[in-house]
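Good morning, and thank you for joining this meeting. Please look at the sequence and the structure on the screen while I speak.

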Amino acid sequence: MLVDIYCDESRQDLLVKRDSLSPQNRYACIGGIWVPFSKREEIKDAVKKLKKEHDIHGEFKWGNVSKNKISFYKALIDLFFEQKEVMFRCVVIDAFEVDNDRYNDSDQELGYYKFYYQLLHNWLDSKNDYYVFTDFKTNKERDRLHELQRITNRSLYGSRIKILQAIDSKESLILQLQNILMGTVAYKFNYGDAGKSEAKKELVKEVENYLGRSIEPVYRNEQKKFDIFKISLRGGRQ
């Protein structure tokens, strides 16, 4: 089977800006949404329909979630959970534990892509072929994505990732949908139940209602619709 994986990150600046860390601003997330290639156009058309119904124009993202458009964002979550073949996975990183100086030769970019590798390596398998798309990010090293593709393919014992490239989230409805799902995870981990946005807390609760539990980590061998893995760095180890 050919599968599209759309990846994005939340609060990635925390991995390099330690002076911005606080008890309610400490968790970064890297996540992806899994869409069988055969379902891609169906999902895109469904999102377009929702945008039209709710009078949404341009890019939608977690930062724009508000009470007056809450019905649209809830409909997106409904859409995701109604599509049985579409899955979401996210790794959560406690930025307080990250030590790039010690373990990445002070190369924050390298540390960042190590976390990306953890997302892909523990999710993909050798049964499928993959097109992997990440949100565009300016890198100091131009070959980062190619290196990520090469190393991940090696872990899969073959060239299963056929494409790994950056795209502009403004041009991808599925990447924007992923951003909303990942936003619920980042919000819950960073604020718990103490967030100030009633609209965002409502979306967190919407996801939790579908899950039948709180947004929290699962065991690695649990293959579920909505997977969350909290990386343990054990005192800064990467």
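Let me begin with a definition: two strands pair if DSSP finds at least two bridges between them. Strands (E, at least two residues) and helices (H or I, at least four) are DSSP runs, numbered from the N terminus. The model is a predicted one, in which local features need pLDDT of at least 70 and side-chain atom pairs count only at pLDDT 80 or more, while totals for chains, interfaces and linings use all residues. Residues are numbered from 1 along each chain as its sequence is written, and side-chain values use heavy atoms, with hydrogens and water left out.

Six strands form an open sheet with mixed pairing, in the order β5-β4-β1-β2-β3-β6. At the edges stand β5 (161-167) and β6 (226-231); each has a single partner strand, so one side of each is left without a neighbour in the sheet.

Strand β1 (residues 2-10) is paired with β2 (residues 27-36) in the antiparallel sense, over eight bridges. Within this pair, Ser10 stands opposite Cys29, and the bridge partner of Glu9 is Ile30. β1 also runs parallel to β4, joined by six bridges; there, Asp4 has Tyr131 as its bridge partner. As a general point, strands of a sheet pair through backbone hydrogen bonds, either parallel or antiparallel.

Is β1 mostly covered or mostly open? Eight of its nine residues are buried, where buried means under 20% relative accessible area, exposed over 50%, and partly exposed in between (1.4 Å probe, protein chains only).

Thr134 is buried, with a relative accessible area of 4%. Leaving aside residues up to four places away in sequence, Thr134 touches several others, including Cys7, Tyr116, Leu145 and Leu164; contact means heavy atoms within 4.5 Å.

A cavity is a set of points on a 1 Å grid over the protein atoms alone where a 1.4 Å probe fits but cannot get out, and lining residues have an atom within 4 Å of a point. The largest cavity has a volume of about 40 Å³, a volume being the space filled by probe spheres set on the points. Ten residues line this cavity, and Tyr113, Thr134, Asp135, Lys137 and Leu145 lie nearest its centre. The largest share of the lining, three residues, comes from α4.

Methods. 1 Å grid on protein atoms, 1.4 Å probe; cavity = no way out; pocket = protein on both sides within 12 Å on 5 of 7 lines; lining within 4 Å.
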